[in-house]
Amino acid sequence: MEQLPLLALLVCAAWMDLRTHKIPNFITLPFIPLGILFHTIFGEGAIYSLSGLAFSFLLLFPFFILRVFAGGDVKLGMAIATFTGWQLFIESLLYGLMIGLPLVLILAWRRVGWQGFKTSFSRYMLIFGTRRYMTPAENEMAGLKVPYGPALALGAALAVMLNKYQIFTLVS
């Protein structure tokens, strides 16, 4: 029951990201103070949540600068970290990355098919051979924007569940 607010955040964020390719601020931002308040009253204390918040920002913001993650993904990660703390956040991020690769490939396959994969592979080979960047076309895999919020949400849910029931932990 103590992870019910986090579960609500994960379901809402994943659903919105799949439908609109955005995770709105009105979903993620209220959960940051809620996570801090929750742990201040019921959990390990405000320092637990604030350390998770600071760590997640320092870890994810460079990915935002490099355009690997969108702003909504970074804010989702920060909201997750206020509920899980920094150690469990690392684990949830690792699970999210492991879940994310096949998920991204499946979503990309549904949009562009085999031809889109072949076009991307050919473009990468030309880039490698000529050592010049070529912009991806719209009909190829590399030109797609695929939502990553669902992978982050699934990773967080998996990490919380595995740790709650002491099944498996990557980070102690």
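How many helices and strands are there in the protein chain? I found six helices and zero strands. Helices here are DSSP runs of H or I with at least four residues, strands are E runs of at least two, and numbering starts at the N terminus. Along the sequence I read α-α-α-α-α-α.

Source notes. I am working on a predicted model, where local features need pLDDT of at least 70, side-chain atom pairs count only at pLDDT 80 or more, and totals for chains, interfaces and linings use all residues. Residues are numbered from 1 along each chain as its sequence is written, and side-chain values use heavy atoms, with hydrogens and water left out.

Overall figures. I looked up the C-alpha box along the principal axes: roughly 55 × 30 × 25 Å. Of the 172 residues, 38% count as buried (under 20% relative accessible area, 1.4 Å probe, protein chains only). Among contacts (heavy atoms within 4.5 Å) between residues at least 6 apart in sequence, 70% join residues at least 24 apart.

Helix pair. I checked α3 (residues 31-41) against α5 (residues 71-130): the angle is about 10° and the axes lie 8 Å apart. Axes are lines fitted to C-alpha atoms, for helices over the stretch in contact, and angles run from 0 to 180 degrees between N-to-C directions. That makes α3 roughly parallel to α5 (angles under 35 degrees). From α3, Phe-31, Ile-32, Leu-34, Gly-35, Ile-36, Phe-38 and His-39 make the contact. From α5, I noted Lys-75, Met-78, Ala-79, Thr-82 and Phe-83.

Methods:
Angles under 35 degrees count as roughly parallel, over 145 as roughly antiparallel, 65 to 115 as roughly perpendicular and the rest as oblique. Buried means under 20% relative accessible area, exposed over 50%, partly exposed in between (1.4 Å probe, protein chains only).
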